[in-house]
Amino acid sequence: MLWENIILALREIRRNVLRSSLTVLGIVIGVAAVITMVTLGQGATARVTSDISSMGSNLMDIRPGQMRHGPGGARSEASPFKTADVAAVRREISSLAAVAPLASQMSQAIYGSQNRATRILGTTSEYLAVRDWPLSLGRAFTEGEMRAGKAVCIMGETVRKELFGQQDPVGTTIRLGKISFKVIGVLAPKGHTSFGTDQDDLVIIPLRTLQRRLVGNTDVASISVSVKEGISTQKAKAEIERLLRERRRIVPGKEDDFRVLDMQEIVSMLTSTTRVLTALLSAVAAVSLLVGGIGIMNIMLVSVTERTREIGTRLAIGARERDVLMQFLVEAVVLSSFGGICGILVGLGAAYGGARLLQIPFVFQPGIVVTAFAFSAAVGVIFGYFPARKAARLDPIQALRYE
């Protein structure tokens, strides 16, 4: 009986192809929009998580000053860290695996006739461990080079390609501003972050070299640390804050003039934000499903009116009310299900294209596809029930007389 009703529904849909296509268009748009939004949202979440994870395992960043909330979000001024602060953190915080002081300056990297404006980062070899950043060529700084402030450097992949093309730069000499540096290594490429920053556009030199020969001070702009495996980042963060408050002579009750950024907290916050935005956009897109359901109910009411005599004939020759109810209900469900299938195909195609355009991963979500299809079928049942009930309750005699 169900199969016969499906055949009748397909026959009726085929008889009014254009009208049926326009009827399911709302369902198609709604399902496609929901699938696209959810898939792109999951891809954005995966990209953000991957980008922050690529910065290093259990990474925390310590910076002077505090971000102020409100218009502009300006940072409060505070004195920079000193080398002694870095030594104290390394010596007294046992939960840390590596500690890397950082200071930077923009400069021109020059080799032969090629040049590029890039970021010069002064740090130590521990920076590679903190950021989990291997070398593709060459070696890291030695203890002697870092203590003596030697003019040696490790370049990022972007700078290498700009200055050397496909050549091996290890052992050559480049100029950073007016000072010559020997290239001892090349960083493995990390690519762009989801915020558009090229992580490979930098040259790393020993911190003491930057302080003595480029900037002329002993300031440390920030400290990057990685926490040992199995130790809570919250515990390490509390220890760092307690130590720095003592060293910077911050009295109890006074706000810190520095901040410790836990990358795991940032991942959690950004993931939560993208999920909320995805849910909001999906809810807006789901309104199209409601519009599509109203369209199905409208066209089914028109169909009942057009086929009044047909319904009267079926009832007069013995069809029961539930048979007529099932006929029109199946027709509504077939329409909405067809729209759901088309919407799934359109949505997955749009999500794939959007992911390629936005350069985020395409994360296939079987759950949302099944949910969207089930919801589209449910729309057919809900909005098709009233027209089907109206058809089933027609008086056969009045229906046969209908012109």
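This is a predicted model: local features need pLDDT of at least 70, side-chain atom pairs count only at pLDDT 80 or more; totals for chains, interfaces and linings use all residues.
Student: Is Glu 239 buried or exposed?
Tutor: The cut-off for buried is under 20% relative accessible area. Glu 239 has a relative accessible area of 17%. That value makes Glu 239 buried.

Student: Which residue forms a salt bridge with Glu 239?
Tutor: The two partners sit four residues apart in helix H8 (residues 233-247), so about one helical turn separates them. The closest N and O atoms are 2.8 Å apart. The partner of Glu 239 is Lys 235.

Student: How many salt bridges does the structure hold?
Tutor: Side chains of opposite charge can pair when their charged atoms come close. A pair counts when the side-chain nitrogen of Lys or Arg is within 4 Å of a carboxyl oxygen of Asp or Glu. The structure's total is 13.

Student: How far apart are the closest N and O atoms of Glu 145 and Arg 139?
Tutor: Glu 145 is buried, with a relative accessible area of 11%. Arg 139 is partly exposed, at 36%. The two form a salt bridge, and the closest N and O atoms are apart by 2.7 Å.

Student: In the salt bridge of Asp 257 and Arg 248, which residue counts as buried?
Tutor: The side chains meet at 2.8 Å, N to O. Asp 257 has 23% relative accessibility and counts as partly exposed. At 14%, the buried residue is Arg 248.

Student: Which residue's backbone oxygen lies 2.9 Å from a polar atom of the side chain of Ser 125?
Tutor: Ser 125 is in the loop between strand S4 (114-123) and helix H4 (126-130). Not counting residues up to four places away in sequence, Ser 125 touches Ala 140, Phe 141 and Met 146. The backbone oxygen at 2.9 Å belongs to Phe 141.

Student: What is the count of disulfides?
Tutor: A disulfide is a covalent bond between the sulfur atoms of two cysteines. The rule asks for sulfur atoms within 2.5 Å. Cys 153 is buried at 0% relative accessible area, whereas Cys 342 is partly exposed at 25%. The disulfide count is zero.

Definitions and conventions
Residues are numbered from 1 along each chain as its sequence is written. Side-chain values use heavy atoms; hydrogens and water are left out. Buried means under 20% relative accessible area, exposed over 50%, partly exposed in between (1.4 Å probe, protein chains only). Helices (H or I, at least four residues) and strands (E, at least two) are DSSP runs, numbered from the N terminus. A polar contact is a pair of N or O atoms within 3.5 Å; within protein, one must be able to donate a hydrogen and the other to accept it, and residues adjacent in sequence count only if both atoms are side-chain atoms. Contact means heavy atoms within 4.5 Å.
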